[in-house]
Amino acid sequence: MIPPLPPGFLDRPFAHRALHDGTGACPENSLPAIRAACAIGYGIEVDVQLSSDGRAMVFHDHDLERLTGGAGPVRAQTSAALQDARLLGGTAQVPTLAACLDEIAGRVPLLIEIKDQDGGLGPDIGALEEAVARDIAWYDGPLAVMSFNPHSTAAMRDLAPDVCRGLTTCDFAEAEYAGLSEARRAALAGITDFKRAGAAFVSHDRNDLSNPAVTRLKAAGVPILCWTVRSAEQEHDAREVADQITFEGYVPA
């Protein structure tokens, strides 16, 4: 049986990379941004990358420069070094997934995006998925995982079979995914791995919600989340299709 989205996932918007405000006091994917989202009651979406010693770290980019001013890939750094790194503009540090789970403590729904470690959305994955599975094994709050890489979602089916899983999806345009073959981009855009990955939902690019694959899944009763909504106007349009939104840069109801 494929676990469904837990209660609460469709009744509130999700703060993209937690409720960050573009300042050093409350940067994306930080504990202050998580506290801010919990205080209002928003759901929280975070990203995870792998440290060199096999820990799941809450961090979006594959390299350190944009968010910390450092150099090199995240996965070349130990978890201790990453936790010592200051996010630009303030004193917040790069948190572990475990620390974020401790902070949220089941107060609001949590959506974890597992960032691709293969480099081409292929099967060369495993260590990050295992790290995420270890961290969430004890957690009893509402939680789901997702990834652009269907292999990651399928791996979580085996590593954490009771946890709801989804696919992060878009149109997989050549400009952004030039390293993938046309056939593979078409398959990903068509969400053809949905059943194979054991997915229960998709989180789709709000600019591509007219995608026939999304229409087909919605007609079949699959929950449709979307990313990333940045205004009330965009939210109004997205909700014509999406059952729930992921947002940043404004405060939705």
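The legends below describe close-up views of a predicted model.

**View 1. The largest pocket of the predicted model and the residues around its centre.** The largest pocket in this model has a volume of about 660 Å³. Its lining is made up of 34 residues, of which Glu 113, Lys 115, Phe 148, Glu 176 and Tyr 177 are the closest to the centre of the pocket. The elements that each contribute two or more residues to this lining are strand S2 (43–50), strand S4 (110–114), strand S5 (143–147), strand S7 (201–205) and strand S8 (224–229). Sorted by class, the lining of the largest pocket comprises 10 nonpolar, 12 polar and 12 charged residues.

**View 2. The second largest pocket and its lining.** For the second largest pocket, the computed volume is about 230 Å³. Among the 16 residues that line this pocket, those closest to its centre are Ile 136, Tyr 139, Leu 143, Asp 162 and Val 163. The lining of the second largest pocket divides by class into 13 nonpolar residues, 1 polar residue and 2 charged residues.

**View 3. The crossing of helices H5 and H6.** Two packed helices are described by the angle between their axes and the distance between the axes. Here the axes of helix H5 (residues 127–136) and helix H6 (residues 150–159) come within 10 Å of each other and cross at roughly 40 degrees, which means that H5 is oblique to H6. The crossing of these two helices is right-handed. On the H5 side the contact is made by Glu 129, Glu 130, Val 132, Ala 133 and Ile 136, while H6 takes part through Ser 152, Ala 155, Met 156 and Leu 159. By class, the contact of H5 with H6 contains 6 nonpolar, 1 polar and 2 charged residues. Ile 136 of H5, which belongs to this contact, is also one of the residues closest to the centre of the second largest pocket.

**View 4. The largest cavity and the residues that line it.** Rolling a probe the size of a water molecule over the atoms shows where empty space is left. The structure holds 1 cavity of 30 Å³ or more, and about 60 Å³ of space lies in the largest cavity. The residues lining the largest cavity are Phe 148, Pro 150, Leu 167, Thr 168, Thr 169, Phe 172, Ala 187, Leu 188, Ile 191, Thr 192 and Asp 193. Strand S6 (164–169) and helix H7 (182–189) are the elements that give two or more residues to this lining, and S6 gives the most, with 3 residues. The lining of the largest cavity has, by class, 7 nonpolar, 3 polar and 1 charged residues. Phe 148, named here in the cavity lining, is also among the residues closest to the centre of the largest pocket.

How values were computed: Residues are numbered from 1 along each chain as its sequence is written. This is a predicted model: local features need pLDDT of at least 70, side-chain atom pairs count only at pLDDT 80 or more; totals for chains, interfaces and linings use all residues. Side-chain values use heavy atoms; hydrogens and water are left out. On a 1 Å grid over the protein atoms alone, a cavity is a set of points where a 1.4 Å probe fits but cannot get out, and a pocket is an open set with protein on both sides within 12 Å along at least five of seven lines; lining residues have an atom within 4 Å of a point. Grid points are joined across faces, edges and corners, and a volume is the space filled by probe spheres set on the points. Helices (H or I, at least four residues) and strands (E, at least two) are DSSP runs, numbered from the N terminus. Ala, Val, Leu, Ile, Met, Phe, Trp, Tyr, Cys and Pro count as nonpolar, Asp, Glu, Lys and Arg as charged, and the others, Gly among them, as polar. Axes are lines fitted to C-alpha atoms, for helices over the stretch in contact, and angles run from 0 to 180 degrees between N-to-C directions. Angles under 35 degrees count as roughly parallel, over 145 as roughly antiparallel, 65 to 115 as roughly perpendicular and the rest as oblique. A crossing is left-handed if the near helix is turned anticlockwise from the far one by less than a right angle, and right-handed if clockwise. Contact means heavy atoms within 4.5 Å.
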